[in-house]
Amino acid sequence: MIPIEMFLGLSAILFAVGAFGVLTKKNGLVVLMCIEMMLNAANINLVAFSAFFNDVVGQIFVIMTITVAAAEVAVGIAILLNLYKTSGTTDLEDINLLRW
Amino acid sequence: MLFIDYAWLIPIIPLAAFLIIGFFGHKTPEGGGYIAIIAAAVSFVLSALVGYEILSGTVAAPYVNDIVWLEMSPGVVLNFGLYIDNLSVLMLIFSSLISTLIFIYSIGYMHDQGERKRRYYTEVSLFLTAMLGLVISSNFLEMFIFWEIVGLCSYLLIGFWGFKHPKGEKASIAAASAAKKAFLVTRMGDVSLLAGLFVLLNAFGSLDFVSLFDPANIAAVDNSTLALGSLLIFGGVIGKSAQFPLHDWLPDAMEGPTTVSALIHAATMVKAGVYLTARSLPLFVQSTDVTLFVAVIGGFTAFYAATMALNNMNIKRVLAYSTLSQLGYMVLALGAAGYMMAASLAAGDVEVDHAMGYTAGTFHMMNHAFFKALLFLGAGSVIHAVGTEDMRQMGGLRKRMSITSITMLIATLAIAGIPLFSGFWSKDLILESVLHVAEGGHGAASAVFLILFVLALVTAFMTAFYMFRLWYMTFGGEEGEASKHCHGESPRSMTYPLVILSGFAALSGFLILFGFADALTFNFVDGAFVVGGHGLSMIEVLEDIFLNPFAYVSIALAVLGFYIAYRMYEVRDIEPGRYNQYGESSLYKLLQKRYYFPEFYNALALKLAYPAAMAVEQVDRKAVDGTVDGIANSITGGSQMLRRIQTGFVQTYAAFVVGGVLLVIVLIYLIGYLTGGL
């Protein structure tokens with residue numbers, strides 16, 4: 001049996017990579033994908049602990065999370081699409097309407 | 001049911017009229033004038049009913065009804081309520097009665113003022129409210145509030161023509177500056193009064209008349225503090241009642257409509273000062289010096305103001321000076337009463353009955369209210385008809401305006417002190433009360449009162465002279481320039497009040513024989529100051545007046561004044577110009593220039609007040625504004641820098657979030673490590 005540390009390590013790496021992407025990438029679409037990656041890192045944690053403690057609730061929770069994430073992505077992409085329509089770009093560095 | 005339970009309505013009714021006229025006056029006939037009349041008349045009826053209950057003894061005077069207004073620690077309570085005794089009743093009745101008559105008169109006098117009538121009736125209603133509230137207030141603070149409203153209304157009404165005077169721009173500038181002068185000069189008195197209230201509040205812990213006039217409380221207060229408080233309060237009287245040296249606003253106040261002058265001089269405003277003196281007498285009598293000061297100010301003002309009336313050509317100005325002079329009489333009488341009582345108290349008397357000057361002063365206040373209202377309304381009627389205030393252009397109006405001339409004659413006889421007319425009784429009582437102190441053997445003070453008595457006698461002579469001079473110049477002799485295009489007698493709404501007032505001016509003096517001398521007295525009985533009772537009976541009053549040789553001297557002087565005026569201005573066989581080098585003598589000019597008092601005020605303002613104001617302004621701009629601006633600037637500057645954090649980049653915010661989470665984690669581990677957990 002694969003020890004749980006492996007799962008947690010994978011999850012941590014995934015999360016760190018996602019966070020790095022969110023903070024550094026310029027393209028809004030890529031940032032959205034990175035957010036999905038961070039979400040899935042959390043999902044891996046949930047599934048791993050579910051198996052480790054023999055408790056099925058964790059897995060049910062993951063299904064819930066995936067559902068919500070799908071909806072969230074739909075909203076996020078819609079925003080990005082509209083942003084592209086109005087400003088002609090999805091580059092986050094060009095979008096600073098809330099600047100001082 | 002007792003009407004006194006509804007006494008609080010007396011000032012409320014004109015207040016309601018004030019609001020109604022203020023908001024809807026332009027939709028009612030005469031700009032709300034009828035509403036003002038009804039309100040004043042209802043107030044008068046209620047005042048009379050309340051007065052009957054107080055004077056008949058149905059309700060024990062003083063009637064006090066307070067609600068707590070402010071509670072300040074420790075144990076200092078400021079109340080709001082009613083304090084009604086014989087003095088308040090007197091003020092209530094004559095103020096509301098005369099105001100009613102003046103409002104009726106205004107319907108005719110202000111008829112052609114158009115849109116501005118609403119403003120007029122709004123302000124006079126508030127004026128009456130303030131005056132009625134002032135005389136039934138139960139404490140000094142409440143009284144001070146109404147006192148200030150009275151001041152505000154006088155400002156507004158004197159400056160009534162400050163925007164658009166029927167006689168052009170120059171007159172409206174004069175009206176505006178007269179209003180400003182009245183406001184500022186009386187303000188000096190008001191500041192003094194306010195300071196007096198602070199002194200009293202500090203000494204007594206209360207401003208209620210009930211506790212302030214309780215001899216037990218007075219005894220607990222340091223005498224010099226009390227004297228200081230009394231003098232400061234009297235400073236307010238000097239401002240409001242236009243006593244020397246704050247008298248100069250009153251002649252200027254003639255720039256307002258004549259009805260306003262009548263209101264100010266007869267029913268409201270200047271009477272408030274005399275009322276305050278009479279009301280505060282229990283405090284004043286704790287020191288002979290304070291009362292002596294009061295008497296000297298009053299006596300001097302009486303004489304001094306009368307001199308300026310001798311050669312003035314403006315009909316309203318003459319009346320203004322005569323008001324000053326008569327107010328001086330009242331203050332003199334109250335001072336004499338106060339001195340008598342103060343001397344008796346200082347000598348340790350446990351019971352002091354009937355300080356006569358009090359009766360005389362309040363009685364003269366009432367009589368003066370009637371005949372001065374009549375004089376001003378008569379003068380207004382004349383001005384209305386001839387269109388000028390200069391008496392040289394009048395004359396011979398006797399035939400054209402018979403009602404006005406006869407009613408004015410009655411008022412003139414009353415103010416001149418011709419026997420049996422109202423002014424005679426009260427003026428003689430005043431003279432006698434002053435003489436009484438002069439003969440009382442009080443050392444140097446008696447000498448001072450003797451001088452005041454002589455001044456008052458001379459004033460009586462001058463009063464008779466200038467009043468008959470006014471009457472003859474206006475109604476007697478040849479027809480003047482303006483008289484020729486006089487359009488006859490004034491409308492009935494103006495002459496009816498004149499007729500009613502002339503009845504009062506002629507007959508109100510007899511009240512002294514029928515109870516007034518017992519109702520308005522000031523006594524120290526059973527260890528308390530009491531207004532009313534212990535007074536003189538009819539026979540005693542008659543004895544006092546007619547067995548006193550000086551009464552005949554004053555009558556003779558009044559007749560002499562009348563005779564000189566008759567020869568100079570009716571028969572004209574004595575040319576008045578002969579005695580003053582035809583207006584060139586320095587005394588004549590001194591009087592014309594009002595003893596250079598306006599110049600003195602101006603110089604004082606320009607040389608002293610203006611630089612002081614500039615210095616204060618500099619302090620305000622540099623120090624106060626500088627501090628405030630500095631704080632504001634440092635805050636805006638700081639936020640200018642702080643706003644740079646808001647880059648608008650979503651990733652920067654995300655970085656802060658991640659950094660913050662990391663920081664929290666590190667801190668948790670650090671704390672765990674340091675406390676030995678984890």
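Modeller: In this predicted model, helix H18 of chain B is followed by Gly417(B), a residue whose phi is positive, near 80°. The helix itself covers residues 402-416 of chain B, 15 residues in total, and from its first C-alpha to its last it reaches 21 Å, close to the 21 Å expected at 1.5 Å a residue. Eleven of those 15 residues are buried, so H18(B) is largely enclosed by the rest of the structure. The buried positions are Thr404(B), Ser405(B), Thr407(B), Met408(B), Ile410(B), Ala411(B), Thr412(B), Leu413(B), Ala414(B), Ile415(B) and Ala416(B).

Beyond the helix, Leu420(B) lies in the loop between H18 and helix H19 (422-438) of chain B. Its phi is near 80°, a positive value in a residue other than glycine. Leu420(B) is exposed, since 12 other C-beta atoms lie within 10 Å, and 12 or fewer is the condition for that class.

Another loop of chain B may be set beside this one. Ala242(B) is found between H9 and H10 of chain B, and its phi, near 55°, is again positive in a residue other than glycine. Ala242(B), however, counts as buried because it has 30 C-beta neighbours inside 10 Å. The loop between helix H9 (223-240) and helix H10 (249-252) of chain B also holds Pro245(B). The peptide bond that leads from Phe244(B) to Pro245(B) is cis, with omega near 5°.

Among the contacts in chain B with a separation of 6 or more, 80% are between residues 24 or more positions apart.

In one, helix H20 (residues 444-475) and helix H25 (residues 549-571) of chain B have axes that come within 8 Å and cross at roughly 30°. H20(B) and H25(B) are therefore roughly parallel to each other, and the crossing is right-handed. Residues that make this contact include Phe461(B), Phe465(B) and Phe468(B) of H20(B), and Leu557(B), Gly561(B) and Tyr569(B) of H25(B). By class, the contact of H20(B) with H25(B) comprises 18 nonpolar, two polar and two charged residues.

In the other pair, helix H1 (residues 9-24) and helix H4 (residues 117-136) of chain B pack at an angle of about 160°, and their axes are 8 Å apart. That angle makes H1(B) roughly antiparallel to H4(B). The crossing of H1(B) and H4(B) is left-handed. Among the residues in contact are Pro11(B), Pro14(B) and Phe18(B) of H1(B), together with Tyr121(B), Leu128(B) and Ile136(B) of H4(B). The contact of H1(B) with H4(B) consists of twelve nonpolar residues, five polar and one charged.

Chain B also meets a partner: eleven of its residues are in contact with ten residues of chain A. On the chain A side, the residues that touch chain B are seven nonpolar, one polar and two charged.

Note on methods. Residues numbered from 1 in each chain as written. Chains lettered and ligands numbered in written order. Predicted model: local features only at pLDDT ≥ 70, side-chain atom pairs only at ≥ 80, totals over all residues. Contact = placed C-beta atoms within 7 Å. Nonpolar A, V, L, I, M, F, W, Y, C, P; charged D, E, K, R; others polar. Axes fitted to C-alpha atoms, helices over the stretch in contact; angles between N-to-C directions. Helix = DSSP H or I, 4+ residues; strand = E, 2+ residues; numbered from the N terminus. Parallel < 35°, antiparallel > 145°, perpendicular 65-115°, else oblique. Left-handed = near helix turned anticlockwise from the far one by under 90°. Expected span 1.5 Å × (residues − 1). Buried ≥ 20, exposed ≤ 12 C-beta atoms within 10 Å, placed from the backbone.
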